[in-house]
Amino acid sequence: FRIMAGKVKWVTDIEKSVLINNFEKRGWIQVAENEDWNFYWMSVQTIRNVFSVETGYRLSDDQIVNHFPNHYELTRKDLMVKNIKRYRKELEKEGSPLAEKDENGKYIYLDFVPVTFMLPADYNLFVEEFRKNPSSTWIMKPCGKAQGKGIFLINKLSQIKKWSRDSKTSSFVSQSSKEAYVISLYINNPLLIGGKKFDLRLYVLVSTYRPLRCYMYKLGFCRFCTVKYTPSTSELDNMFVHLTNVAIQKHGDDYNHIHGGKWTVSNLRLYLESTRGKEVTNKLFDEIHWIIVQSLKAVAPVMNNDKHCFECYGYDIIIDDKLKPWLIEVNASPSLTSSTANDRILKYNLINDTLNIAVPNGEIPDCKWNKSPPKEVLGNYEVLYDEEMAQSDGPDRDLRSRSGQSTAVKGSRGRDLGKPVLTTWK
């Protein structure tokens, strides 16, 4: 929003116009006419500059920004996995039942990210894991890139060595962070609809990390591949089969510019309820909400919880054919670009509802307010987790909720055997 200095980067003119319309609707600004009030949706690099020690900027109480200073603890692929692994270990040390494992050593409640290693640092660990199941497929992603750039699939160790040579390094020695990759076990049994792979893009707003308070946007969507899925190794290089990113799929011959290869989450829920049943569908979406809350809890202790900040994250979730959801990554700057008419409506409303929570009642921003907006301004958001409310119900409420038990918490509804009950972790 309003900044004293620093360059502002607009991703597209559409995003700029949508934001300005929202600001003007609130009567906050007359763009380019009033120099005292300029509101901007800052890029992650601008945020970094604003909070940099070298710049010496200090935000005043009426200045609010749309990223946390070290948001990358959640939104860089390698740091997200590192923080989730640390979170699990800490819960184990504390003897928390949330860190319980099954007879095979897998987490019962916290197994929601695919097996992942950092390259080049964890190369030897990766090789050891790869040799346990040599027929497995793995996906490699650069840690700091987006929109599907630099991603490829491998199923042979020789392909890793070729990547290493192509990266202009003769061995797995330390490289700069820009060249670091994560390698994850590929979900090769994705849930298919119409024979095509898809993932979920869900929007989550965090108004404060300490105490953690987050909101789920009800109008997320599915992104479909344009080519039917096959696990065949002959198609590993065909990104139109494997990657759902619109930035990639829009270049395919079968891309539909009217619907953009997208389904609303409500359509997905309707499809699953009609094909799999309401009970398992409700369970799936409760598990997705659980994943989001636990990932936020994993980074909360290390997040710089500056009072001027809020953040709207773009969560990418893949569902496998057993209806188990997996967290793939979290985006700090989810695209606000409109690829279809429905897209434009959704993202306009997303920005509008986000601003209503960040700065309720269209008033002048104030970073000191208690960040508890009244229910009537939430729009399409719903409270996903409120730590203050959670603590009032005892330390084991998360586990009771996750295992389907219920306790009385005002204002939240969950599911237990298909019947509405009050959940414990929302």
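Predicted model: local features only at pLDDT ≥ 70, side-chain atom pairs only at ≥ 80, totals over all residues.

Trainee: Over how many bridges do β2 and β4 pair?

Mentor: Strand β4 (residues 181–185) and β2 are antiparallel and pair over five bridges. Strands (E, at least two residues) and helices (H or I, at least four) are DSSP runs, numbered from the N terminus. Two strands pair if DSSP finds at least two bridges between them.

Trainee: And which way does β3 run relative to β2, parallel or antiparallel?

Mentor: Antiparallel: three bridges connect β2 with strand β3 (residues 152–154). Within β3, Ile154 is the residue opposite Trp138.

Trainee: Is β2 enclosed by the rest of the structure or left open?

Mentor: Strand β2 (residues 138–142) is largely enclosed by the rest of the structure, because five of its five residues are buried. Buried means under 20% relative accessible area, exposed over 50%, and partly exposed in between (1.4 Å probe, protein chains only). Trp138, Met140 and Pro142 point one way from the strand, Ile139 and Lys141 point the other way, and all are buried.

Trainee: Which residue forms a salt bridge with Lys141?

Mentor: Lys141 forms one with Glu329, their closest N and O atoms being 3.9 Å apart. Glu329 belongs to strand β11 (residues 325–331) and Lys141 to β2, so the pair ties together parts that lie 188 residues apart in sequence. A salt bridge here is a side-chain nitrogen of Lys or Arg within 4 Å of a carboxyl oxygen of Asp or Glu.

Trainee: How accessible are Glu329 and Lys141?

Mentor: Glu329 is buried, with a relative accessible area of 12%. Lys141 counts as buried too, at 11%.

Trainee: How many salt bridges are there by this rule?

Mentor: The count comes to 16. One of the contacts is that of Asp61 with Lys368, whose closest N and O atoms are 3.3 Å apart. These two sit 307 residues apart: Asp61 is in the loop between α2 (44–50) and α3 (72–75), and Lys368 in the loop between α11 (341–358) and β12 (381–386).

Trainee: Is Lys368 buried or exposed?

Mentor: Lys368 counts as exposed, at 57% relative accessibility, whereas Asp61 is partly exposed at 31%.

Trainee: Which residues are linked in a network of salt bridges?

Mentor: Asp199, Arg201, Arg223 and Asp316 are linked in that way.

Trainee: Changing topic, how far does α10 reach?

Mentor: Helix α10 (residues 278–299) has 22 residues and reaches 33 Å from its first C-alpha to its last, close to the 32 Å expected. The expected span is 1.5 Å times one less than the number of residues. Helix α10 is also mostly covered, with 18 of its 22 residues buried.

Trainee: What forms a salt bridge with Lys283 there?

Mentor: Glu287 does, and the closest N and O atoms are 2.6 Å apart. Glu287 and Lys283 are separated by about one helical turn, because they are four residues apart in α10. Glu287 itself counts as buried, at 11% relative accessibility.

Key. Residues numbered from 1 in each chain as written. Heavy atoms only, no water.
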